[in-house]
Amino acid sequence: MIHQWEASTMSGVETRSVSRDSLFLLANVRVEQQGDAMHRVRVRNLSDGGMMGEGPLTVQRGNRVEIELRNIGVITGSVAWVQDQRFGIAFDEEIDSQMARSASSASSQGESTNSSISKAHRAPPMPAATKLRKI
């Protein structure tokens with residue numbers, strides 16, 4: 001007898017619309033609701049539209065964040081999900097995630113690189129506090 005989770009993993013079909021790579025990078029994250037404190041986190045997955053981070057950082061779904069990534073600089077986004085010490089961040093604007101993987105410590109291409117990136121995976125705007133439901 002095959003359980004439902006076994007059947008879904010056996011299919012080998014990727015259900016995400018955006019490709020992402022597993023990697024190990026470090027990033028600095030500042031949570032808007034927590035002032036100027038920067039937190040060092042591990043970046044486990046990175047795509048042009050977001051990332052999965054891991055670390056002893058207290059965040060909640062919907063928190064606004066600034067992430068400082070190697071060769072990219074500071075980008076903004078929203079926490080999309082949280083599970084234990086892992087969390088997902090949807091970037092406000094797409095990045096070139098390959099730049100974060102390159103060995104150089106400074107981008108020689110300048111900031112004009114981001115202007116050609118699609119805006120298809122932009123994070124939605126923060127909803128009004130009156131429209132949030134309590135869990």
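How many residues lie between β5 and β6 in their hairpin, and which residue in the turn has a positive phi? I put this to the model, which is a predicted one, and found two residues between the strands, with Asp-84 in the turn showing a positive phi of about 55°.

**Entry on the strands.** I next followed the pairing of β6, which covers residues 86–91, and saw that β5, residues 73–83, runs antiparallel to β6 over six bridges. Within this pair, I noted that Gly-77 has Phe-91 as its bridge partner. I then turned to β3, residues 50–54, which also pairs with β6 in the antiparallel sense, here over five bridges, and I found Met-52 opposite Gly-88 of β6.

**Entry on Phe-87.** I stayed in strand β6 to look up Phe-87, and I count this residue as buried because its relative accessibility is 2%, under the 20% cut-off. Setting aside neighbours within four places in sequence, I listed its contacts, among them Met-51, Met-52 and Gly-53 as well as Trp-81 and Val-82. I also checked Arg-44, which is 43 residues away from Phe-87 along the chain, and the C-alpha atoms of the two are separated by 9.9 Å.

**Entry on Asp-92.** Moving past the strand, I located Asp-92 in the loop between β6 and α2 (97–101). Is Asp-92 buried or exposed? I count Asp-92 as buried, because its relative accessibility is 15%, again under 20%. Its side chain makes a polar contact with the side chain of Arg-64 at 2.5 Å, and I noted another polar contact, at 2.6 Å, between the side chains of Asp-92 and Thr-76.

Technical notes:
Residues numbered from 1 in each chain as written. Predicted model: local features only at pLDDT ≥ 70, side-chain atom pairs only at ≥ 80, totals over all residues. Heavy atoms only, no water. Pairing = 2+ DSSP bridges. Helix = DSSP H or I, 4+ residues; strand = E, 2+ residues; numbered from the N terminus. Buried < 20%, exposed > 50% of the residue type's maximum accessible area, 1.4 Å probe, protein only. Polar contact = N/O pair within 3.5 Å; in protein donor to acceptor, adjacent residues only side chain to side chain. Contact = heavy atoms within 4.5 Å.
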